[in-house]
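Please look at the sequence and the structure below before reading on.

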Amino acid sequence: MAVTAQMVKELREKTGAGMMDCKKALVETNGDMEAALDFLREKGLSSASKKADRIAAEGTTSIMVEGNEAVIYEVNAETDFVAKNEGFQTLVKELGEHLLATKPATIEEANSSTMSNGLTVADHVSNAIAKIGEKITLRRFEIRTKTDADAFGPYLHMGGRISVLVLLENTTDSDAARDIAMHIAALNPQYVSRDEVSAEEVEKERKVLTEQALNEGKPEKIVEKMVEGRLGKYFEDVCLLDQAFVKNSDQKVRDFVASTGGSVKEFIRYEVGEGIEKREDNFADEVMSQVNKK
């Protein structure tokens with residue numbers, strides 16, 4: 001029986017196995033869908049779909065730099081333990097190399113792109129899921145390009161729990177760029193400078209600080225000066241250049257950057273699982289649910 005693309009698609013949707021594995025299963029079973037399902041189960045390749053509804057909020061972030069190009073990206077798994085798995089680490093490296101080589105614009109484009117082994121990223125990840133036994137996803141990535149006159153500062157904290165990529169313009173001091181990235185990993189600023197903070201956000205903060213001062217019983221005539229002083233503290237919390245440098249608390253980051261002769265064009269900071277709602281399992285409820293089934 002001839003194996004059609006529609007048959008391969010149907011088997012893949014049922015099992016979550018890679019496209020080439022599905023095609024092979026159908027060929028081996030002469031197009032018998034049920035036999036192909038058994039074939040994939042026996043080979044341990046039909047596990048991906050069973051894990052599709054699980055939450056993958058662990059894993060790792062990583063950075064890969066090649067010359068004037070760099071990519072920062074996050075690959076998620078279900079448990080922190082898997083992040084130390086050799087197969088998972090190999091997958092992360094392969095994905096980074098592929099992203100730099102192909103430079104897709106979106107996650108969708110990345111997942112549908114073909115790797116050097118002939119598989120799409122989605123199929124390659126599905127095969128890894130079958131081998132490793134956990135849901136794995138390429139969650140996000142950003143690619144950046146610099147000139148020969150600039151410097152990248154890649155920094156991985158706790159083996160990739162946090163990754164920061166800094167781009168310094170008009171200086172080739174990569175050590176300084178990495179020091180700034182380390183600072184960002186520790187203090188987590190939201191902006192490079194005050195110029196990036198929207199007028200709406202500043203006004204919102206000013207109103208909150210004003211109400212706080214008035215509620216403290218401060219005289220209205222000094223509230224405005226108090227608010228401006230507290231607004232300065234707010235900028236220190238959210239703006240990189242206003243922060244005290246972690247390697248020298250007597251020095252502002254802006255002064256350290258100025259000493260390099262360059263400027264911070266941008267930074268990207270990834271932390272594993274940020275923004276993902278993690279499932280909170282209740283062990284007692286789980287036990288009771290099993291008891292009630294009996």
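## Asparagine 127

Contact here means heavy atoms within 4.5 Å. The model discussed is a predicted one. In it, asparagine 127 belongs to helix H6, which covers residues 121-132. Leaving aside residues up to four places away in sequence, asparagine 127 touches Gly18, Asp21 and Leu119. Its relative accessible area is 15%, and buried means under 20%, so asparagine 127 counts as buried.

## Nonpolar cores

In soluble globular proteins, nonpolar side chains tend to be buried together.

The largest nonpolar core has 24 residues, of which Tyr73, Val75, Phe88, Ile136 and Leu138 touch the most other members. At least two residues each come from strand E2 (69-77), helix H4 (86-102), helix H5 (107-112), H6 and strand E3 (137-145). H4 gives the largest share, 6 residues. The contacts of valine 75, not counting residues up to four places away in sequence, include Phe88, Val92, Leu95, Ile136 and Leu138. A second, separate core holds 21 residues, among them Val164, Ala181, Val192 and Phe256.

## Aromatic rings

There are 2 aromatic pairs. Tyrosine 234 and phenylalanine 235 have ring centres 5.6 Å apart and planes at 55°, so this pair is tilted. Both tyrosine 234 and phenylalanine 235 are buried.

For phenylalanine 245 and phenylalanine 256, the centres are 4.4 Å apart and the planes at 25°, so this pair is stacked. The pair links strand E6 (residues 244-245), which holds phenylalanine 245, with helix H10 (residues 253-260), which holds phenylalanine 256. Phenylalanine 245 and phenylalanine 256 are both buried.

A charge also sits over a ring: the charged end of arginine 140 is 3.9 Å from the ring centre of tyrosine 270.

Note on methods: Residues are numbered from 1 along each chain as its sequence is written. This is a predicted model: local features need pLDDT of at least 70, side-chain atom pairs count only at pLDDT 80 or more; totals for chains, interfaces and linings use all residues. Side-chain values use heavy atoms; hydrogens and water are left out. Helices (H or I, at least four residues) and strands (E, at least two) are DSSP runs, numbered from the N terminus. Buried means under 20% relative accessible area, exposed over 50%, partly exposed in between (1.4 Å probe, protein chains only). A nonpolar core is a set of buried Ala, Val, Leu, Ile, Met, Phe, Trp, Tyr and Cys residues joined through side-chain atoms within 4.5 Å. Rings of Phe, Tyr and Trp (its six-membered ring) pair if their centres lie within 6.5 Å; planes under 30 degrees apart count as stacked, over 60 as edge-to-face and the rest as tilted. A charge sits over a ring if NZ of Lys or CZ of Arg is within 6 Å of the ring centre and within 35 degrees of the ring normal.
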